[in-house]
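Please open the structure in a viewer and keep the sequence panel at hand.

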Amino acid sequence: MTILRPPVSMFAEALERKFGSAVSRSAEDLYLIEQPEILPSICEFVFWELECPFAGLIVEESEQWELYYVFLLPNCGWANFLLRLPLTTRNVPSISSRVHAADWYEREAEDLFGLYFEEHPRLGDFILHDQVWQEGIAPMRKGFDAAAMHFEKRPQRDWRPTLVVRDPGAFAMPVGPVYEGGAGESIHFLLETVGEDVIRAVPRLFYNYRGVEKIAEGKSVDGVLLLSERFSAKSAFAHSLGYCLAVEEICGVGVPSRAAHLRVLLAELERLRHHAGVIDAICQSTGLSVSEAHAAIIEEQLLRASCEFTGHRYLFGLNTPGGLRRDFENGAVKVLLAAVDAASTQLARLEERLRFSSSFLDRLEDVGIVSPESSRDLNLVGPVGRASGLRRDLRRSLPYCGYGQYEFDVPSEIEGDGYARLRVLFAEARQSARLIHQASERLESGPVCAGLETTAGTAMGAVEAPIGAALHWVRLDHQGRIERYRILSPSFRNWLGLHVAVEDFAFQDFPIILATFGLSAAECDR
Amino acid sequence: MSFWPWHGLRRGIQSTRYPDAPDTAAGISPGRPLPTEFASAQQAAEAASICPVGAITAVGNRVEVDLRTCVWCQRCRFGANPLRWDLGFEWSRSVSDSRLPGAFARSLHLMIVDAGDCGACLHEVKQLNNPLYNMHRLGFFLTATPRSADVLVVVGPVSENMRGPLLKTYDAMPDPKRVLAAGTCAISGGVFGRTFMSAGGVGSVLPVDLEIPGDPPPPLAILHGLLVVTGRMHAAEVL
């Protein structure tokens, strides 16, 4: 299937017609913004008129502030809008009121860099929690020493959440950060209500913030590879792949064909296992224990198959810039295929049974609805976005590792409720099994790793992680060390959209809606 | 309408028989590197130099492995000078020699705290509840409240934002109580180390009773740790 790609020049022309010389194109995908005050109008135009999803904000500190506003052009790559400001300024115009998806990115930059986004309605207490840190600490600034443990901390001991719902009988239900009887990640939810329905839901994340982007600075390429694998284990392979793609692009290295196909095979194995895990969590949240047990067995069998194939249950230690660290025998691939087939059969059987369990469907259908409009507004990605009609997939729009040669569908639904998300998960798991088979047929003998000489440069590695589009921005200096590592993770984007699904639904639906989103706090927090 | 109880019964019992019988199913554990003898001191030094976190040290023509800092990248397993590799999972290590009283041996309630975990260790603890491991059969249960918890299982390097909630959870637990550090991050900070945001392991915040190395430790390694802390099994002697 050929995809019609609108040329990048059309995008540039549209910008020039609208804004004239206020925006100048300095490279293939880089546009300079000459006047800061025009930034919100440009972002609004690109997001709403040209329909380009907002992929994130990257802040860099060099001789001046460099703020990259990254937009994804449909089917033809990137557009980075670069705003340069002198280091002495703190004030940046906010785009959140026009591009809602930028809300959390601006709050993050405010907390970590000490920038101030004018007219942003809610800054402070985001990553650095107020009851632990005082205002004014900016850990991502170059002058901040990550290893320094002993600096004065003056937390606000009397921190209280801001409540919005004011009504007789209104109260807020705090949940977390240590809350789940199973093994939940550390998140705090503030659910405001006047009785039965959740009126306002505010997730408070970043309990798991480990400063991955900060401690990566100054490390070697290999040292950061370990970090990229270990900050979010449930999609470790996808994230290390994104990092490796970025480094490979900087160094101009082509990956051998065998390694590319093996990467597809392993990435899809991870997606299959991840989706089985999310399906397990959905069954658990509805209390249908037999289906939960069956889904848990499928997931555990896939973990074991991964371990038997690669030596590690979560696929650590495989990717390396230039290819893969080791090769696999064809016999081992056959064993893996058998396990994948068994898991697919089991999943199909489970799906068939769940489809005819009315008590189960009652908990999912018309619950936690995200409309296509709000999912576009908040830029949701992955299965959550695709269940709300956003048929976006980086494997299709910006194929990497040879995904362009593979035959697969991008499943999508329009309803945007919990059941639509479950159907998308099952359908994607089927496509992953199909891709694993195709990858195994394409394996030719040959090397799996190309030599790599590091050079200075910047690049973006983009992969479709199990949760959605993950972007890894890497800047290498002349010594081959990491100068800036920025992870734009899919969970970060989807957490922003959770409140849309939760609000106006009853309390008892909350755990179910949360499970159907299948989010990871570790991936969001970094 | 699906008849779930029938589907459940038809699958029969799937649980492992560990610890009554050894479990040797493929893929239950990534195994661990063992101290290895090499032909020459130079070869040993080469084998040690491959480790990205310095967990391997060469002593003469022998290498020692520090599982407390190992991140299971497997470079010493599949590289040029491979180390010996044990595919078992019984490697949890007692730090304090205090066992819980006998009354807890078959009724133990666990409180899990995610203190900056990447999701792997947490997920492996969660797997203990699936039918293949089914820790209920041994009298181990997860609990949602620290008031009824006997053992605190901490995963992750203790991020600065989680330090407070972790200490509060510990303080809310009744005595006697024990603390398990599960995973390399919880033991030594792992790849995150000791920084402004990571305390570099549970040991710098709370008294740890048992360490379960692994990145992540497989479910049966955690189960072995629980059996050790209740005095039903012995800890690994050499690490």
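Leaving aside its neighbours within four places in sequence, with which residues is A:Ala515 in contact? Select A:Ala515 and display its surroundings: the contacts are A:Ala281, A:Ile282 and A:Ser285. The model is a predicted one, and every value given on this tour is to be read accordingly.

**First stop: the surroundings of A:Ala515**

Is A:Ala515 buried or exposed? A:Ala515 counts as buried because 23 C-beta neighbours lie inside 10 Å, and the cut-off for a buried residue is 20 or more. A:Val46 is 469 residues away from A:Ala515 along the chain, and their C-alpha atoms are separated by 33 Å.

**Second stop: chain A as a whole**

Chain A contains 17 helices and 15 strands. Along the principal axes, its C-alpha atoms fill a box of roughly 65 × 60 × 50 Å. The radius of gyration of chain A is 23 Å, which agrees with the value near 24 Å for a compact globule, because that is what 526 residues would give. Of these 526 residues, 53% count as buried. Among the contacts in chain A with a separation of 6 or more, 68% are between residues 24 or more positions apart.

Colour chain A by domain. The assignment gives domain 1 as residues 8-118, domain 2 as 171-204 and domain 3 as 212-525. Select domains 2 and 3 of chain A together: their centres, taken over C-alpha atoms, are 27 Å apart. Where these two domains touch, 12 residues of domain 2 of chain A meet 12 residues of domain 3 of chain A. Which element supplies the largest share of the domain 2 side? Highlight strand E10 of chain A, residues 198-204, which contributes six residues to that side. By class, the domain 2 side that touches domain 3 of chain A has seven nonpolar, one polar and four charged residues.

Turn to chain B, where the assignment places domain 1 at 32-86 and domain 2 at 93-229. The C-alpha centres of these two domains of chain B are 28 Å apart. Six residues from domain 1 of chain B and nine residues from domain 2 of chain B take part in the contact. On the domain 1 side of chain B, the residues divide into four nonpolar, one polar and one charged.

Select residues 56-59 and 62-65 of chain B, which are strands E3 and E4; they pair in the antiparallel sense over four bridges. Within this pairing, B:Thr57 has B:Glu64 in E4(B) as its bridge partner. E3(B) and E4(B) form a hairpin with two residues between them.

**Last stop: where the chains meet**

Definitions and conventions
Residues numbered from 1 in each chain as written. Chains lettered and ligands numbered in written order. Predicted model: local features only at pLDDT ≥ 70, side-chain atom pairs only at ≥ 80, totals over all residues. Domains from an automatic or database assignment. Contact = placed C-beta atoms within 7 Å. Nonpolar A, V, L, I, M, F, W, Y, C, P; charged D, E, K, R; others polar. Rg over C-alpha atoms; globule rule 2.2 N^0.38 Å. Buried ≥ 20, exposed ≤ 12 C-beta atoms within 10 Å, placed from the backbone. Pairing = 2+ DSSP bridges.
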